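Here is a walk through one protein chain, from its overall form down to single residues. Keep the viewer open as you read.

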Amino acid sequence: MTKVLVLGARFGGLTSAYTLKRLVGNKAEIKVINNSRFTYFRPAFPHVAVGVKDVDEITIDLTKALPEKGIIFQQGEVEKIDAKSGLVYYKKPDGNKVEEDYDYLIIAIGAHLATELIKGWEMYGYSVCEAEYALKLREKLANFQGGIIAIGSGPFYQGKSPRPKVPEHYVPVADAACEGPVFELSLMLHGYFKKKGMLNKVKMVIFSPGEYLSDLSPMSRKIVREMYKQLGIELIDNFRIKEIREKEIIDENGKKIESDLTILIPPYTGNPALKNSTPDLIDDAGFVPTDTNMVSLKYENIYAVGDANSITIPKLGYLAVKTGTIAAQHLANRLGVQTKIDQYYPTIVCVADNPFEGFGVAVKDDTWYKGSISIADPSPLNHLKKELFTKYFMWTKGDMALEKYLASW
Ligand SMILES: Cc1cc2nc3c(=O)[nH]c(=O)nc-3n(C[C@H](O)[C@H](O)[C@H](O)COP(=O)(O)OP(=O)(O)OC[C@H]3O[C@@H](n4cnc5c(N)ncnc54)[C@H](O)[C@@H]3O)c2cc1C
């Protein structure tokens, strides 16, 4: 039987695996390899940090969820892919090293959060990108007595060459990989400290490695700037953070910002397992360039989806699900199941939620890709939609089949 290996089990990997299984049934053996037996609804990590959700509410046990749907699960840390020989090298939790072959491979191991590039990270850095970071920040916030909170993204080390085979304007040059969580946190923390009666003791400073939220239209960016002015939040552009100290952060040019608590979306680089793989599988930053069907430019039997693919700019869950769906549809056709293949078209779709003040800002914007949609809609309904989306993800154990109707990113 045709063997499909899926590497990674969050938005991209789960969508690919579930969709492919639904389409091809028993025509292929589908096996997912992920470095943890658990996966999480990542957009709710900020909610964990501010204490409105617990980690177990957003955790899925892959050893149960995937076999229930006829998909094999193997826990393992992928070390490299030998694309020429068709082998994946990974380490099992017991330390045993395995090399496994495949007929088709779907790479969905995401990008790397390069905290090692930030001096002082271990001592003074806080984040929300993984469960353990969100819990550490939760404790810090609970004990925070007041002061300056700096929130921002590290630089994005985007590949330049080879470029993916998609229209050039689909892949803009980005200074930050994903600034949505920064915007969301700035709103959430305003609500958090207001509820605690501490707003007068906290000053928030938002920093960006380029122009903040440059993936949104100039009109939406202007609205955010005005909103920040009204909330007393300072915004500093072109600050490529290099170091975090106890009371300040420093950028590559030596510029400083005072900070008592620094919350960072770390720099994004290519996944080390991909950097360690067959060199012509990846671009110069360690992301996989593909065509619009998510097929590798060099290896016809390899797909890449989500954050690991060089076409997804910015690094968004919405785009991970879109690319995962397309890869599965394309592969189903190759396996003899005729099905429509969606067309890849990038759009920024996300909701910045503020559970304390009961509203969310829903963003839909394709102006970065020369489109004309530019919506930034603050409404109580968007908060409820994000709640519903979280529940939907958990009910289906990460199966985004009804994404179009029930997901509010
Ligand atoms: C705090 C935060 C909030 C966000 N909120 C939103 C939002 O509201 N809306 C939105 O659209 N996007 C959001 N995003 C972006 C979104 O989470 C990512 O774009 C999305 O998770 C990418 O999915 P992925 O499956 O491609 O990669 P990932 O989510 O990075 O998943 C990769 C998977 O592979 C595993 N893995 C990694 N390396 C290896 C290895 N070597 N071996 C085996 N397994 C490995 C990981 O454990 C993980 O399970 C947010 C991001 C962050 C950080």
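The paragraphs below go from the whole chain to its domains, its ligand shell and a few local features.

Start with the whole chain. This is a predicted model. The chain has 409 residues, and a compact globule of that length would have a radius of gyration near 22 Å. The chain has 21 Å, which agrees with the globule rule. Along the principal axes, the C-alpha atoms fill a box of roughly 65 × 45 × 40 Å. Of the 409 residues, 49% are buried. The secondary structure amounts to 11 helices and 23 strands. Take the contacts between residues at least 6 apart in sequence: 66% of them join residues at least 24 apart.

Residues 3-154 are 28% helix and 35% strand. The C-alpha atoms at the ends of that stretch are 38 Å apart. Residues 201-324 are 21% helix and 24% strand. Here the end C-alpha atoms lie 45 Å apart.

Next, the ligand. Where does it lie relative to the two domains? Both domain 1 and domain 2 give residues to the shell around the ligand, so the ligand lies between them. The shell counts 38 residues. The closest are Gly8, Arg10, Gly110, Gly306 and Gly317. By class, the shell divides into 21 nonpolar, 12 polar and five charged residues. Several helices and strands each supply at least two shell residues. The helices are H1 (11-24), H2 (45-49), H6 (180-195) and H9 (317-334). The strands are S2 (28-34) and S6 (77-82).

Then come the backbone details. Most residues other than glycine have a negative phi, and most peptide bonds are trans. Two are cis peptide bonds. One joins serine 161 and proline 162, with omega about -5 degrees. Proline 162 sits in the loop between strand S12 (147-153) and H6. The other runs from isoleucine 313 to proline 314, with omega near 0 degrees. Proline 314 is in the loop between strand S20 (302-304) and H9.

The other two places have a positive phi. Leucine 213 is not a glycine, yet its phi is about 55 degrees. The loop that holds leucine 213 runs between strand S13 (202-207) and helix H7 (218-231). Lysine 370 also has a positive phi, near 70 degrees. Lysine 370 lies in the loop between strand S22 (359-365) and strand S23 (374-379). Which of these two residues is buried, and which is exposed? Leucine 213 is buried, because 24 other C-beta atoms lie within 10 Å. Lysine 370 is exposed, because it has 10 other C-beta atoms within 10 Å.

Finish with leucine 274. Leucine 274 belongs to helix H8 (residues 272-275). Is leucine 274 buried or exposed? Leucine 274 is buried, because 27 other C-beta atoms lie within 10 Å. Which residues does leucine 274 contact, leaving aside its neighbours within four places in sequence? They are Ile282, Gly286, Val288 and Ala308. Glutamate 79 is 195 residues away from leucine 274 along the chain, but their C-alpha atoms are separated by 8.0 Å.

Definitions and conventions
Residues are numbered from 1 along each chain as its sequence is written. This is a predicted model: local features need pLDDT of at least 70, side-chain atom pairs count only at pLDDT 80 or more; totals for chains, interfaces and linings use all residues. Helices (H or I, at least four residues) and strands (E, at least two) are DSSP runs, numbered from the N terminus. A residue is near a molecule or strand if its C-beta atom, placed from the backbone, lies within 6 Å of it. Ala, Val, Leu, Ile, Met, Phe, Trp, Tyr, Cys and Pro count as nonpolar, Asp, Glu, Lys and Arg as charged, and the others, Gly among them, as polar. Domain bounds come from an automatic or database domain assignment. The radius of gyration is taken over C-alpha atoms; the globule rule is 2.2 Å times the number of residues to the power 0.38. A residue is buried if 20 or more other C-beta atoms lie within 10 Å of its own, exposed if 12 or fewer, and partly exposed in between; C-beta atoms are placed from the backbone. Two residues are in contact if their C-beta atoms, placed from the backbone, lie within 7 Å.
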